[in-house]
Amino acid sequence: MATEPTAAPPPSDSSNDGVRVVVAWLVLTAIATPLVAIYVGPLIPPGNGSVQAQGQVFSNQVMTSLITPVLCLMVVFFAYGLVKFHAKQREAALDGPPLRNDSRIQILWIVITSTMVLFLAGFGTYELLKDGAGGGQGPNPVALPANHKAAYPIQVIGQQWQFTYRYPRLGGMESNQLMLPENTLVVFHVTSLDAIHSFWAYELGVKADANPGVDNVAYVETKGPMTVHVRCAELCGLWHPYMFDNGYVVPHATFTHWAAHAAALYQSIKGYVNRPTSKGGAPFAYTYLPEPTRRAG
Amino acid sequence: MRVGIKLLLVAVAVAVAGVMIGLYVSNLTTLAGSPAYAVPVQNVNGHPVVNLEIQTVAAVGPKLSPNPDWVSYLIRTQDGWQRKTVWDLPANATVHVTIYNFDGASGLRNPYLGRPQGMVGNQILVDGKPTDAVDPNDASHTFAVPALGLILAIPGVADDAKNQCGYAPCPMANAHRTIKFTFRTGAPGHYRWQCFVPCAAGWIFGFGGPMQTIGYMDGFLNVKA
């Protein structure tokens, strides 16, 4: 025989619940925030391969530290609600007491969220302008590093499905290897010969779209010797998942040695590359709109 | 229905969907469109040696493909010329490659790729002559394995050459160019190879159809220990 469900007990004094939630939140926040700031934040990619990458790690560290109290509040609120307010077995579901406006809470909510958002906007803008973020800024970058005119230029050319690299200070030499001198401000000029690609040098914190006919500029300051994983980050066709290679940040002496070797390899094709575009060549330029498309429809 | 059973059903459905997606992606990125061909291996003084004979054709023909007008690579097997572009090769092997090209020139979009590299001596033999640069305008196709640093441009048959091949497989009596080179496979791995010449007639920028379908102008080297 079915029994009638029992009525829910009358609601308790909600002010006690509020105090408990706030206290639990403050305690959890006081514990979790330093842990996240010290141990989790630095683990967030891309690492410290360049000044810009280090800046990104710092930005991620700050943002996760700021998010932690918000996350703690949600966790505490939901956990407290589940434990304290869940319906007992065979308890009838009854509506709670009516909610009424509390202007103090509303103002507090608006002030806190607005302050956080405005702070992050200001912080993000400052970080972007300070060292640049490693992202492509288009042909006319706004965030310029202090000594940007001395930056070492390297052109990144995307094509289906490989990146090649040209070094204008080495006579426009092209190579399928990305080699970077250590502790050097580098300016990448990223472009494409066909589809849209994206040059993503992970450890350097660089990501710049490679668009045909566009010179997308990204600054990065290398640090010590390391291997850099380069990937295409824009779906570009059949072999997009295989469009990756390794770049290397090396000591200046190693870079000079490599440049001499690469130049020797390049020598035999140099004459063909430096022919006028109308004759199938591609003298160094910041963008290329190459022919032929003889068989294209 | 009890909550536990519902959760179990959801978990099973998610697992099945995950496995199916995984199989689909795996198939798509490895062997789709072309079964692997185990290239015969010779043992020379304890060292694995492979002779790879391939041909490039302007139109693969109705015998070898449902897309007879597509440009394609073919490989010589014990059963004759086949349209298979996924090849099993031994690791640390010497691979002697002979390419017979029956196709005309399309030209390279990036002239730098006319510089042969990644093979022994960074040189190729074109019709018997050592070459360390192919005129980008004369390139018909490339054979490139980017992960091995291997790339070479394949010169095309002259536009006015007599006795040009129609549909593949093309007999040696047809006008062709012969390219030879040697490379080493190195460590085991799964390496894609491709053509960099935009040679897919009728497709935007010449990079659709056979250029985006494994089994024609792209494939894999399955380098096995």
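The model is predicted: local features need pLDDT of at least 70, side-chain atom pairs count only at pLDDT 80 or more, and totals for chains, interfaces and linings use all residues. Residues are numbered from 1 along each chain as its sequence is written, while chains are lettered from A and ligands numbered from 1 in the order in which they are written.

**Chain A, by domain**

Select residues 15-85 together with 107-131 of chain A for domain 1, then 148-279 for domain 2; these bounds come from an automatic or database domain assignment. The C-alpha centres of the two domains lie 37 Å apart. Nine residues of domain 1 are in contact with 10 residues of domain 2, contact meaning that the C-beta atoms of two residues, placed from the backbone, lie within 7 Å. On the side of domain 1 that touches domain 2, three residues are nonpolar, six are polar and none is charged. In this classification Ala, Val, Leu, Ile, Met, Phe, Trp, Tyr, Cys and Pro count as nonpolar, Asp, Glu, Lys and Arg as charged, and the others, Gly among them, as polar.

**The contact between the chains**

Next, display both chains. The contact takes 32 residues from chain A and 32 residues from chain B. The side of chain B that touches chain A has 13 nonpolar, 13 polar and six charged residues.

**Chain B**

Helices (H or I, at least four residues) and strands (E, at least two) are DSSP runs, numbered from the N terminus. Select strands E2 (residues 41-44) and E3 (residues 47-57) of chain B, which run antiparallel and are joined by four bridges; strands pair if DSSP finds at least two bridges between them. B:Gln42 stands opposite B:Val49. Two residues separate the strands of this hairpin, and B:Asn45 in the turn has a positive phi of about 55 degrees.

**The largest nonpolar core**

Select A:Val156, A:Phe188, A:Phe199, B:Val57 and B:Ala168, which touch the most other members of the largest nonpolar core, a set of 92 residues. Such a core consists of buried Ala, Val, Leu, Ile, Met, Phe, Trp, Tyr and Cys residues joined through C-beta atoms within 7 Å. A residue is buried if 20 or more other C-beta atoms lie within 10 Å of its own, exposed if 12 or fewer, and partly exposed in between, with C-beta atoms placed from the backbone. Beyond its neighbours within four places in sequence, B:Ala168 is in contact with residues including B:Val57, B:Leu64 and B:Trp81.

**The sheet of chain A**

Now select the open, mixed sheet of five strands in chain A, ordered E4-E10-E9-E6-E7. Its edge strands are E4 (178-181) and E7 (206-210), each pairing on one side only. Strand E4 pairs with E10 (residues 244-250) in the parallel sense over four bridges, and A:Leu180 stands opposite A:Val249.

A:Ala201 stands opposite A:Val206. Four residues lie between these strands in their hairpin, where A:Gly205 takes a positive phi near 70 degrees.

Finish on E7(A), whose five residues are buried. A:Val206, A:Ala208 and A:Ala210 point one way, and A:Lys207 and A:Asp209 point the other way. In a regular strand the side chains alternate between the two faces of the sheet.
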